[in-house]
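Reader: Before we go through this model, I would like each label to be set against the rule behind it. Could you take the terms in turn?

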Amino acid sequence: GLPTQEVVLPQYLQKLGYRTYSIGKWHLGHFNNASTPLSRGFEYFYGFYSGGIDYLTNESEESCDNGTYHKNMTCYFDMWEGVDG
């Protein structure tokens, strides 16, 4: 993911008084909370973190791909609004 010491545009915009929202795919890292949109300058996030999701079930397609990403082959819900899934 993007190193957390890198400052991104929404962090600058918040300091200038702008409202910051992100809707859609976040593909800049979600290894820990410091890497997620709400910690990177967005005050609201609605979307998913993985490379792709099933739009009907909202499960990550990566985790369901024959265990390529997760050896236990479990699918996980990957649609977020704010901090809650």
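Reader: How many helices and strands does the protein chain have?

Author: The protein chain has 1 helix and 3 strands, which run α-β-β-β from the N terminus on. Helices (H or I, at least four residues) and strands (E, at least two) are DSSP runs, numbered from the N terminus. This is a predicted model, in which local features need pLDDT of at least 70 and side-chain atom pairs count only at pLDDT 80 or more, while totals for chains, interfaces and linings use all residues. Residues are numbered from 1 along each chain as its sequence is written, and side-chain values use heavy atoms, with hydrogens and water left out.

Reader: How do you know in which sense β1 and β2 pair, and over how many bridges?

Author: β1 and β2 pair in the parallel sense over 5 bridges, and Gly24 stands opposite Gly47 in β2. Strand β2 (residues 44-48) and β3 run antiparallel and are joined by 2 bridges: the partner of Gly47 in β3 is Trp80, and that of Tyr46 is Glu81.

Reader: Why is Gln11 called buried?

Author: Buried means under 20% relative accessible area, exposed over 50%, and partly exposed in between (1.4 Å probe, protein chains only). Gln11 has a relative accessible area of 19%, and is therefore buried.

Reader: Which residues does Gln11 touch, not counting those up to four places away in sequence?

Author: Gln11, whose place is in helix α1 (residues 9-15), touches Glu6, Ser39, Arg40 and Gly41 on that count, where contact means heavy atoms within 4.5 Å. The side chain of Gln11 also reaches the backbone nitrogen of Val8 at 2.7 Å.

Reader: What share of the protein chain do buried residues make up?

Author: Buried residues make up 32% of the 85 residues in the protein chain. Among contacts between residues at least 6 apart in sequence, 40% join residues at least 24 apart.

Conventions
Two strands pair if DSSP finds at least two bridges between them. A polar contact is a pair of N or O atoms within 3.5 Å; within protein, one must be able to donate a hydrogen and the other to accept it, and residues adjacent in sequence count only if both atoms are side-chain atoms.
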